[in-house]
Amino acid sequence: KVNMNTAEVIGVEALIRWQHPQRGLVQPLDFLPAIEGRSVSVTLGEWVIKSALLQINQWRSMGINLPISVNISVYQLQQDNFVTRLAALLAAHPEVKPHYLELEILETSELSDINQVIDTMNSCHELGVRFALDDFGTGYSSLTHLRRLPVYLIKIDQSFVRDMLEDADDSAIVEGVVNLAKTFQREVIAEGVETCAHADALIRLGCELAQGYGIARPMPQADIPQWVTSWQTEPTWQA
């Protein structure tokens, strides 16, 4: 995740894959739906958060300070003991500043009790952990979630970004989300930035933050330090 104007790498997103002994690398859509809404999904979610905290600390010891964003399910977020469990995970890694952990929730998530979710998110903020609203614009509750949920970042869904160069409607949606973010004083990042043309168009619309294959393809955590030191923006991106 980068700022295209300043050439700063502002963070990374953790993407889960299952290295199966017989099937090889299994993509998340092939196994996450099978555990959605079950207790094992909470166990997996906590393992991901723990792994992210360990990775943040490892990079910190190398002089690389990178926030990691982690996708969490609403089922996990709505557990009564979510804040307590998160506090325990953070306490087990006191060398990691909590704001280096970012939690992403899907805009399409069905919230059974939005007031309870808001209270939970505010309690997480008190711990120092921030939230992002992922896949923004793809659900029916975009404006409600934007207005009520205490998120600091809106992620423009890649389906709009990918086609914005050929589809005037998608371009208008992207521009609208950027303007909404500014109105509600939220940061905004575009997913699915695949080419320099996408980046140029986003910058013209006022969106400086981006992630996607045009920035970097998914890579093992061991490859991140070298990539961070070598990555450069295109000259036309910088103000």
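Here are a few questions and answers on this predicted model.

Q: Is Glu-191 buried or exposed?
A: Glu-191 lies in the loop between strand 10 (187-190) and helix 9 (196-205). Its relative accessibility is 8%, and the cut-off for buried is under 20%. So Glu-191 counts as buried.

Q: Which residues is Glu-191 in contact with, leaving aside its neighbours within four places in sequence?
A: Contact here means heavy atoms within 4.5 Å. With those neighbours left out, the list for Glu-191 is Glu-13, Asp-134, Asp-135, Lys-155, Ile-156, Asp-157, Gln-158, Val-161 and Gln-211.

Q: Why do the buried residues of helix 4 sit on the same side?
A: The buried residues of helix 4 (residues 82-91) are Phe-82, Leu-86, Leu-89 and Leu-90. They're on the same side of helix 4 because the arc they cover around the axis is only 100 degrees.

Q: What do the buried residues of helix 4 pack against?
A: The face turned away from the buried side of helix 4 carries the exposed residues Thr-84 and Ala-91. The buried residues themselves pack against helix 2 (39-61), helix 3 (74-77), strand 7 (101-106) and helix 5 (114-127).

Q: Which are the edge strands of the open sheet of nine strands?
A: The strand order is 2-1-11-10-9-8-7-6-3, with mixed pairing. An edge strand pairs on one side only, and that picks out strand 2 (8-9) and strand 3 (12-13).

Q: In strand 2, what is the bridge partner of Asn-3?
A: Strand 1 (residues 2-3) and strand 2 run antiparallel, joined by two bridges. For Asn-3, the partner in strand 2 is Glu-8.

Key:
Residues are numbered from 1 along each chain as its sequence is written. This is a predicted model: local features need pLDDT of at least 70, side-chain atom pairs count only at pLDDT 80 or more; totals for chains, interfaces and linings use all residues. Side-chain values use heavy atoms; hydrogens and water are left out. Helices (H or I, at least four residues) and strands (E, at least two) are DSSP runs, numbered from the N terminus. Buried means under 20% relative accessible area, exposed over 50%, partly exposed in between (1.4 Å probe, protein chains only). The arc is that of the directions from the helix axis to the C-beta atoms. Two strands pair if DSSP finds at least two bridges between them.
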